Amino acid sequence: MAAQPFFFFGTLLHPPLLETVLGDVAHLRLNPDRLPGYRVRGVADGLFPGLETDPAAFAKGLRVSGLTAENIARLNFYEECFEYVLRDLRAEDGTPVQVYFPATDRLAFEGPWSLDDWARDWGDLSVLAAREVMRFFGNRSAQATGRMFPMIRARAASRLRAARNRDAGTGFAGEIEIIAHRHPYAHFYALEEFDLRHRRFDGAMSPVMERAVFRAVDAALVLPYDPGRDLVLLIEQMRVGPLARGDATCWSFEPIAGLIDPGETPEQTARREAQEEAGLALGPLFPVAEAYPSPGNSSEFHYVFVGFADLQPEITGISGVDSENEDIRSHLMPFEALLAACDRQEIANAPLVLAAYWLARHRDRLRAMA
């Protein structure tokens, strides 16, 4: 018995995403259709549309027939990641169709939704994210995969940002052949393994080698600086890196830092994190570096800034986002004291040392500017 047709009205109308989710789509029959009693609306705080009840409206979309059992299993997995459930409805001509709806009816709608606008702004990111989601099909539950989705999207955004890396073209541009690519671990962060070989400087290809990489998300870091008072603000918090290494000091002095959310610029992240971690409104931002802190074993990439700030004594205290279990203490320090601590090698945070030495070089210029 043939499967009942589905009605798609949102992001699955984007052909690359549809193919990523369903797999083989060459056999599908896609027919423009309408769903009476609904209209497609944008969802507040979401990058997707929803169906809003409107007895006088028709939601435009596609009636999709010919799905195989494999297609449907993949589709159900993808939609269940976002807690969507199926409803049986009827298309405009009365044909029974299945439509995915959120498990909750309490969506906040805001304005119309445009597939073309979504594809322009979010299509590439969504396809990359869907590829990682579908790697877990058959290996992990939809619920567990859905809990990872914020980090999956952030990893996809980092990959797109990497294509705009300023370092492109300044080094050796040799061939890299990936023979196998494995994903042994993924949660908040991810671990990936490669079997690869690459072009050597002498022109020959290297032997096949195994390499593991920690898949992280791009981060923005900012050292707040008050040019009038010649003060910097540092934050302090517990870090598991020193704990895993066996360091006696697990509370680290750092610049303000945070992961870049999809759709944010590094500058926007720096300003958001300054508010969240120190209750601080930043003035002008000055780029310090765009760099990999440890390219031999991690994809992590840092956008480092120095930012002007009004660092009054009462700005210090304890803050952080409760939902992220942050416990952050802020400190004010004369810049010369920070520089002396760096020279004595008492600062064990590389981005902070980098920002301090950059500020030492540009400090007179910035103070004159202020």
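Tutor: Start with one definition: a residue is buried under 20% relative accessible area, exposed over 50%, and partly exposed in between. This is a predicted model, so every value here is computed from it.

Student: Why is R34 called partly exposed?

Tutor: R34 has 28% relative accessibility. The limits are 20% and 50%. The value for R34 falls in between, so R34 counts as partly exposed.

Student: What makes R34 and E92 a salt bridge?

Tutor: Their closest N and O atoms are 2.7 Å apart. The cut-off is within 4 Å, from a side-chain nitrogen of Lys or Arg to a carboxyl oxygen of Asp or Glu. The pair meets it, so the contact counts as a salt bridge.

Student: Which parts of the chain does this pair link?

Tutor: Distant ones: the two residues are 58 residues apart. R34 is in strand β2 (residues 29-43), while E92 is in the loop between β4 (84-90) and β5 (96-102). At 42% relative accessibility, E92 is partly exposed.

Student: How many salt bridges does the structure hold?

Tutor: There are 29. One of them joins the side chains of R120 and D121, at 2.9 Å from N to O.

Student: Why is R120 called exposed, but D121 partly exposed?

Tutor: R120 has a relative accessible area of 60%. That is over 50%, so R120 is exposed. D121 has 45%. That lies between 20% and 50%, so D121 is partly exposed.

Student: How do you know that D202 and R200 form a salt bridge?

Tutor: Their side chains meet at 3.5 Å, N to O. That is within 4 Å, so the pair qualifies. D202 is exposed at 56%, and R200 is partly exposed at 39%.

Student: Are C81 and C342 buried or exposed?

Tutor: C81 has a relative accessible area of 8%, and C342 has 6%. Both values are under 20%, so C81 and C342 are buried. Buried residues make up 44% of the 370 residues in the protein chain.

Student: What makes β7 and β9 edge strands?

Tutor: Look at the open sheet of 3 strands, ordered β7-β8-β9 with antiparallel pairing. β7 (176-186) and β9 (209-215) each have a single partner strand, so one side of each has no neighbour in the sheet. From one strand to the next, the twist averages 25°.

Student: How do you know that β7 and β8 pair?

Tutor: 8 bridges join β7 to strand β8 (residues 190-198). Pairing needs at least two, so this count is enough. The two strands run antiparallel. A186 stands opposite A190 in β8.

Student: Which residues form a nonpolar patch on the surface?

Tutor: M238, V240, L243 and W251 do, with about 440 Å² of accessible area together. M238 is found in strand β11 (residues 231-238).

Student: How many helices and strands does the protein chain have?

Tutor: The chain has 8 helices and 17 strands. Along the principal axes, its C-alpha atoms fill a box of roughly 75 × 55 × 35 Å.

Definitions and conventions:
Residues numbered from 1 in each chain as written. Predicted model: local features only at pLDDT ≥ 70, side-chain atom pairs only at ≥ 80, totals over all residues. Heavy atoms only, no water. Helix = DSSP H or I, 4+ residues; strand = E, 2+ residues; numbered from the N terminus. Buried < 20%, exposed > 50% of the residue type's maximum accessible area, 1.4 Å probe, protein only. Axes fitted to C-alpha atoms, helices over the stretch in contact; angles between N-to-C directions. Patch = residues over 30% accessible without salt bridge, like charges linked within 9 Å, V, L, I, M, F, W, Y side chains within 5 Å. Areas by Shrake-Rupley, 256 points an atom, 1.4 Å probe, with all protein chains shown as cover.
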